Amino acid sequence: MSRITSHVLDTSKGKPAVGIAVVLFMESDHHWIELGREVTNADGRATALADPDVVLPRGDYKLRFETRQYFERNGITAFYPSIEIVFHVNSGEHYHVPLLLSPFGYSTYRGS
């Protein structure tokens, strides 16, 4: 079983970022293949990006966060129209990839 989840927090508001489209990709032969997509919920979470019963193969994965629409909906001028985080999956573990977001910067880490 493999799970890839995310949680987006808008650090400029101190609140979850609701309604951000998140897309999960896997790299294969130097191409990115879309595996799933979801919109962050009321808590800023995306928890159903891939089938949790499928063991994701070892390799490189990417999460793309479509931030332009989120900032526009909130009347905020921002620098990043989207943010991509590339990471490596070694086994069938749970990978939680949070995004700390503001209009002119972001941070990420491997969560639990």
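Me: Is Glu34 buried, partly exposed or exposed?
Reply: This is a predicted model. In it, Glu34 has a relative accessibility of 38%. Buried means under 20%, and exposed means over 50%. The value for Glu34 lies in between, so the residue counts as partly exposed.

Me: Which residue forms a salt bridge with Glu34?
Reply: The closest N and O atoms of the pair are 2.9 Å apart. A salt bridge needs a side-chain nitrogen of Lys or Arg within 4 Å of a carboxyl oxygen. The partner of Glu34 is Arg37.

Me: How far apart are the closest N and O atoms of Asp43 and Arg45?
Reply: Asp43 is partly exposed, at 37% relative accessible area. Arg45 is also partly exposed, at 29%. The two form a salt bridge, with the closest N and O atoms separated by 2.8 Å.

Me: Which strands does the salt bridge between Glu84 and Lys62 tie together?
Reply: The closest N and O atoms of Glu84 and Lys62 are 3.6 Å apart. The two residues are 22 apart in sequence, so the bridge ties together separate parts of the chain. Lys62 sits within residues 59-66, and Glu84 within residues 83-89. These are strand 6 and strand 7.

Me: Is Lys62 buried or exposed?
Reply: Lys62 has 8%. The cut-off for burial is under 20%. Lys62 therefore counts as buried.

Me: How many salt bridges does the count come to?
Reply: Arg37 with Glu34 is one of them. Asp43 with Arg45 is another, and so is Glu84 with Lys62. The count comes to 5.

Me: Where does the helix fall in the order of elements?
Reply: The protein chain has 1 helix and 10 strands. From the N terminus, the order runs β-β-β-β-β-β-α-β-β-β-β. Strand 6 covers residues 59-66 and strand 7 covers residues 83-89.

Me: What radius of gyration does the protein chain have?
Reply: A compact globule of 112 residues would have a value near 13 Å. The C-alpha trace spans about 40 × 25 × 20 Å along its principal axes. The chain agrees with the globule value, at 14 Å.

Me: What share of the contacts between residues at least 6 apart in sequence joins residues at least 24 apart?
Reply: A contact means heavy atoms within 4.5 Å. Of the 112 residues, 39% count as buried. Among the contacts in question, the share that joins residues at least 24 apart is 60%.

Methods:
Residues numbered from 1 in each chain as written. Predicted model: local features only at pLDDT ≥ 70, side-chain atom pairs only at ≥ 80, totals over all residues. Heavy atoms only, no water. Helix = DSSP H or I, 4+ residues; strand = E, 2+ residues; numbered from the N terminus. Rg over C-alpha atoms; globule rule 2.2 N^0.38 Å. Buried < 20%, exposed > 50% of the residue type's maximum accessible area, 1.4 Å probe, protein only.
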